[in-house]
Amino acid sequence: MELFSDVWAQALQSALRASESYQHAARGWEGAVVLDWSDAPSRASTNDCGVYLDLWHGDCRVARVATSADYASSRYVLSADMASWLTVLEGRMAPTTAILRGKIKLKRGSLGGLMPHVSAATELVRVAQTVSRDVYGATEPNKDIAAPNVNIRVTEAKTQRAPLQSTSAIGIRFNLFPMRLWEKAKRLGIWNPADIDFSQDRMDWQRLAPDEQDMLLRLTSLFQAGEESVTLEILPLLDVIAREGRLEEQLYLTSFLWEEAKHVEAFRRFFDHVAEVTGDLTHYHSTSYRQLFTDELPAAMGRLRTDRSPIAQARASVTYNMIVEGVLAETGYHVYHRVLVERGIMPGMQRVAALLKADESRHLAYGIFLLSRLVVEHGDPVWQAISSRMDELLPGAIQIINEAFAAYPVDHRPFNLEPEVFVQFAMTQFQRRFDRIERARRQSIHDVHALEAME
Ligand code: MN3
Ligand code: FE
């Protein structure tokens, strides 16, 4: 009895047909999928080592070992080596993460088309996990790793401050990575939102089509609420770093907070002086958006008030830096900036987007540094916490992109924007950073400080 056999395919079909949660999650899904085993030893041609699933509105109509014709007619071919399939089937990596990290490759079909069906894919994999356990005896997903409450080396909240550093023999270590970021922040982060001239922007705004205005209002309201959230939620991290006596990091983090505050100001100036809207904008905030910004971010950051463990710090930084800043803010500003530049409109907001991108790249560089330092200092338990936190949040983050586009007809999207553009950019950046942090498992603290100041 093997994975990717006919018996496995049929067991999977029965389990899918018996699963109410799959039927519900996949009710909007139409189209066949081939799950391809790329390094199968029996492989004679490129098209004969996969399982074909004909999936239709929550049903699995056919399941069998895929034929060449199945490969050619399927909407999606998802391909991976056995090690990667097992990572997913044993619950060690979420399917979305596996696709985004390139562990599972899309040999056929578009990522953009798959995105609206994140929950269907997740349910399918969950069912496949139970089948693999029953039929194949695969191990239970590692609950210890996934559980949010794992703590290692929990240190009691210090009530006493570490001795002052700048008057000690240590002084300030200008060569450390955070000090190099601080130097950059003092040169590049001193722009003033109040100095930006929005007069041309206002004229350009009035000439936009209603759906284009709606799209820009939507994106800006997501940016605005996001920037306010990160400004409010960064404080517990500053407190942890201060109490650990990491002076150089604390110096840099003062610029981090000040920059987030200016981002809040800059977007509000757009609403006040360009779009001239006064009403409530929260109707643009979708379910997944609220989940991340109202629940996950405040919970992960707020936890640092009572739990300063490396695991809690890692989960907070993944949420704040990797997901909110890395997947969402940076991608959003990149696409927003490109749209305005390509249309040659709103020079004031072009400048805002360019400045924000530069500021955020320093924030992300700090996030990568912090996570790498935690991995070097505390080893694999922290790496596992990072990886499982990314799995928890990535599907929802992608869902936010998808939900932002749901308001517009597929064949008539404002500015001809495709969700695919966002996802591709986010994926490339995300992979690069994930790999960077993973390298820290084999590195020393010296290597981590030798990071490029601008990644
Ligand atoms: Mn910001
Ligand atoms: Fe930021």
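User: What does it take for two strands to pair, and how many bridges join strand β1 to β2?

Analyst: Two strands pair if DSSP finds at least two bridges between them. In this predicted model, strand β1 (residues 30–37) and β2 run antiparallel and are joined by 7 bridges, and Leu 35 has Val 51 in β2 as its bridge partner.

User: Which strand is joined to β2 by 6 bridges?

Analyst: That is strand β3 (residues 59–65), which runs antiparallel to β2, with Leu 53 standing opposite Ala 63 in β3. The hairpin of β2 and β3 has 2 residues between the strands, and His 57 takes a positive phi near 45 degrees there.

User: Is strand β2 largely enclosed or open?

Analyst: A residue counts as buried when its relative accessible area is under 20%. Of the 7 residues of strand β2 (residues 50–56), 6 are buried, so the strand is largely enclosed by the rest of the structure.

User: Where do Glu 260 and His 263 lie?

Analyst: An α-helix has 3.6 residues a turn, so residues three or four places apart point the same way. Both Glu 260 and His 263 belong to helix α13 (residues 247–275), and they are 3 residues apart, about one turn of the helix. Glu 260 is buried at 0% relative accessibility, and His 263 is buried with a relative accessible area of 0%.

User: Which residues coordinate the manganese ion (ligand 1)?

Analyst: Glu 227, Glu 260, His 263 and Glu 360 coordinate the manganese ion (ligand 1), at 1.8 to 2.7 Å. Glu 260 also bridges this ion and the iron ion (ligand 2), and the two ions lie 3.1 Å apart.

Notes
Residues numbered from 1 in each chain as written. Chains lettered and ligands numbered in written order. Predicted model: local features only at pLDDT ≥ 70, side-chain atom pairs only at ≥ 80, totals over all residues. Heavy atoms only, no water. Donors = N, O, S within 2.8 Å, 3.2 Å for Na, K, Ca; no water. Helix = DSSP H or I, 4+ residues; strand = E, 2+ residues; numbered from the N terminus. Buried < 20%, exposed > 50% of the residue type's maximum accessible area, 1.4 Å probe, protein only.
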